[in-house]
Amino acid sequence: MAKAQKTEWVWLECKECGDRNYRTPVNVQGGVPKIELKKFCKRERKHTVHKIRRK
Ligand SMILES: [Zn+2]
């Protein structure tokens with residue numbers, strides 16, 4: 001039996017200013033993963049921590 005992968009597109013939201021700068025697909029099977037990534041924020045022009053935000 002083939003296991004269906006449940007993938008959802010989520011936003012990566014800047015923790016500092018709340019800007020949603022990136023979109024990425026994540027596997028949400030068994031819950032949304034708690035991922036925090038250092039990404040470049042265009043508004044602040046520096047690298048900040050971004051976390052997953054669902055629609
Ligand atoms: Zn920011």
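Student: How many bridges join S1 to S2?

Tutor: Strands are DSSP runs of E of at least two residues, and helices are runs of H or I of at least four, numbered from the N terminus. Two strands pair if DSSP finds at least two bridges between them. Here S1 and S2 run antiparallel and are joined by 7 bridges; threonine 7, for instance, stands opposite asparagine 27 in S2. This is a predicted model, in which local features need pLDDT of at least 70, side-chain atom pairs count only at pLDDT 80 or more, and totals for chains, interfaces and linings use all residues. Residues are numbered from 1 along each chain as its sequence is written.

Student: How many residues lie between the strands in the hairpin of S1 and S2?

Tutor: There are 5 residues between these strands, and glycine 18 in this hairpin takes a positive phi near 85°. The loop between S1 and S2 also holds lysine 15.

Student: Is lysine 15 buried or exposed?

Tutor: A residue is buried if 20 or more other C-beta atoms lie within 10 Å of its own, exposed if 12 or fewer, and partly exposed in between, with C-beta atoms placed from the backbone. Lysine 15 has 12 other C-beta atoms within 10 Å, and is therefore exposed.

Student: With which residues is lysine 15 in contact, leaving aside its neighbours within four places in sequence?

Tutor: Two residues are in contact if their C-beta atoms, placed from the backbone, lie within 7 Å. On that basis lysine 15 is in contact with Thr48, Val49, His50 and Lys51. Threonine 48 is 33 residues from lysine 15 along the chain, yet their C-alpha atoms are separated by 7.2 Å.

Student: How do S1 and S4 pair?

Tutor: Strand S1 (residues 7–14) and strand S4 (residues 46–53) pair in the antiparallel sense over 4 bridges. Cysteine 14 has histidine 50 in S4 as its bridge partner.

Student: How many bridges join S3 to S4?

Tutor: These strands run antiparallel and share 6 bridges; one of the residues involved is lysine 39, whose bridge partner in S4 is threonine 48. S3 and S4 form a hairpin with 4 residues between them.

Student: Which residues does arginine 20 touch, not counting residues up to four places away in sequence?

Tutor: Arginine 20, which lies in strand S2, touches Trp11, Glu13 and Arg53. Arginine 20 and isoleucine 52 are 32 residues apart in sequence and 9.4 Å apart in space, C-alpha to C-alpha. Arginine 20 is exposed, with 12 other C-beta atoms within 10 Å.

Student: What pattern does the chain follow along the sequence?

Tutor: The pattern is β-β-β-β, with 0 helices and 4 strands. The radius of gyration, taken over C-alpha atoms, is compared with a globule rule of 2.2 Å times the number of residues to the power 0.38. For this chain the radius of gyration is 13 Å, well over the 10 Å that the rule gives for 55 residues, so the chain is more spread out than a compact globule. The C-alpha trace spans about 50 × 15 × 15 Å along its principal axes. Of the 55 residues, 9% count as buried.

Student: What is the mean pLDDT of the chain?

Tutor: pLDDT is the predictor's confidence in each residue, from 0 to 100. Where pLDDT is low, the predicted coordinates should not be read in detail. The chain has a mean pLDDT of 91, and 95% of its residues reach 70 or more. Among its elements, S2 has the lowest mean pLDDT (94) and S4 the highest (97).
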